Amino acid sequence: MSIQPGINSTPKRNVPLWAQILIWLGLLGLLGLLAAGLLRASHPIMSVGSRVPDFTLTLFSGYEYHGALQVKRSELLGKVIVVNFWASWCQPCAGEAPDVEAAWKVYEHSGKVVFLGIDYVDTEPEARTYLTQFAISYPNGPDLGTKISEIFNRNLGVPETYIIDRQGFLHYIQIGPFQSAAELQSIIDPMISGN
Amino acid sequence: MKKSVYLLFIVICVILMFSVVPARSISAQQPTPSDDEVNAIASQLFCPVCQNTPLDVCPTQACRQWRDLIRQMLAEGKSAAEIKQYFVTNYGASVLPEPPRSGINWLIYIVPPVAFLLGVFLLFQAFHTWKKAVPDPGSAPDYTDPGKPDPGSASAVKDPYISQLEDELKKRT
């Protein structure tokens, strides 16, 4: 029979208070970041009715907006903005391109609607070939650093179209291609009618 | 004889001159970069569209376009760093295999080593405390004489039960 000499008292843990506070704050901070990331992943930032944050689109030369190589969303308040994400490597984009261009031709001289083509992660020579191939004439530019697509939390693929109303709120989201110019016009027309 | 040697010398010089000039012009050209050279850079980048697919093995048309772009930039004399920077500027930081060391991304680089060091510190503290709690074998109390506790030992104040047990054992011997 062996006897353990008196060690039946639990030793007191002596982690300093400041270290405990620091550890808990750090853990809570990390959990907060994780929760924010999960929330962001599960809920798109942009949904119909939400205000669209300002963004600046750098345009391809030859596809300027009133001669300017940059266009800011905030400068277009009072106009309906059709933001169309596309890429030269995207087959469905090629399918809808003539319809989007046809719809643009309807509103081009009205001054009430602006179309912005945003070339999503693409190479410029192929993008230019695409623009020429479909005779696209509305302002177009690359999504540099994918900054604009991040605003729309656009991660479902191209094409996608976001229609912003004249007050700067998101009015309509189209995931995938439009089937006809009339389909696009049926969304835009009620937005500009009455004025 | 002397004249023919002189002529021969001129002919040799002319031949040498014509043989050197094209060689120079060839060396001045930028050779088309090989697939290996392109893939060496492409393997350090990720497809901006397909998630977690390195650019050198990505089979999509988009990735083929990007590999062609790398080839073109290499032919223009751009360095690997310049090409990578171009990709980050145009397609975002997600093309890099690891997040850039800026802004909130620093957390990724700071938190793990800090957590590791904190863990080491806490373990050290815990071991230190445990070591204090275990009595040194050299200073073990003399259990043969319950009336003479080891001074300074944790068991200086005897448990009555242990004392009684020791007394019983003593009586048996």
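Where is the place of Pro159(A)?

1. Pro159(A) lies in the loop between helix H4 (147-151) and strand S6 (160-164) of chain A, where helices (H or I, at least four residues) and strands (E, at least two) are DSSP runs numbered from the N terminus. The peptide bond that leads from Val158(A) to Pro159(A) is cis, with omega near 0°.

2. This is a predicted model, in which local features need pLDDT of at least 70 and side-chain atom pairs count only at pLDDT 80 or more, while totals for chains, interfaces and linings use all residues. Residues are numbered from 1 along each chain as its sequence is written, chains are lettered from A and ligands numbered from 1 in the order in which they are written, and side-chain values use heavy atoms, with hydrogens and water left out.

3. A further backbone feature is found at His66(A), whose phi is near 50°, a positive value in a residue other than glycine. His66(A) is placed in the loop between strand S1 (56-58) and strand S2 (70-72) of chain A. Most residues other than glycine have a negative phi, and most peptide bonds are trans.

4. In chain B, the axes of helix H2 (residues 35-42) and helix H3 (residues 61-75) come within 9 Å and cross at roughly 110°, axes being lines fitted to C-alpha atoms, for helices over the stretch in contact, with angles from 0 to 180 degrees between N-to-C directions. H2(B) is therefore roughly perpendicular to H3(B), a term that covers angles of 65 to 115 degrees. Their crossing is right-handed, which is to say that the near helix is turned clockwise from the far one by less than a right angle.

5. On the H2(B) side of this contact (heavy atoms within 4.5 Å) are Asp35(B), Glu37(B), Val38(B), Asn39(B), Ile41(B) and Ala42(B), and these meet Arg67(B), Ile70(B), Arg71(B) and Leu74(B) in H3(B). By class, the residues of the contact are five nonpolar, one polar and four charged; here Ala, Val, Leu, Ile, Met, Phe, Trp, Tyr, Cys and Pro count as nonpolar, Asp, Glu, Lys and Arg as charged, and the others, Gly among them, as polar.

6. In chain A, the axes of H2(A) and helix H5 (residues 181-192) come within 8 Å and cross at roughly 35°, and this crossing is right-handed. Among the residues that meet are Val100(A), Ala103(A) and Val106(A) in H2(A), with Leu184(A), Ile188(A) and Ile192(A) among those in H5(A). The residues of this contact divide into nine nonpolar, one polar and two charged.

7. The structure holds one cavity of 30 Å³ or more, a cavity being a set of points, on a 1 Å grid over the protein atoms alone, where a 1.4 Å probe fits but cannot get out, and lining residues having an atom within 4 Å of a point. The largest cavity contains about 40 Å³ of space, and its lining includes Trp86(A), Cys93(A), Tyr130(A) and Tyr138(A). H2(A) gives the most to this lining, with four residues, and the lining as a whole has seven nonpolar, one polar and one charged residues.

8. The second largest pocket (an open set of points with protein on both sides within 12 Å along at least five of seven lines) holds about 320 Å³ of space. Of its 14 lining residues, the closest to its centre are Gly26(A), Leu27(A), Leu30(A), Val114(B) and Leu118(B). The elements giving two or more residues to the lining are helix H1 (17-42) of chain A and helix H5 (106-133) of chain B, with the largest share, eight residues, coming from H1(A). The lining has 12 nonpolar, two polar and no charged residues.

Key:
Angles under 35 degrees count as roughly parallel, over 145 as roughly antiparallel, 65 to 115 as roughly perpendicular and the rest as oblique. Grid points are joined across faces, edges and corners, and a volume is the space filled by probe spheres set on the points.
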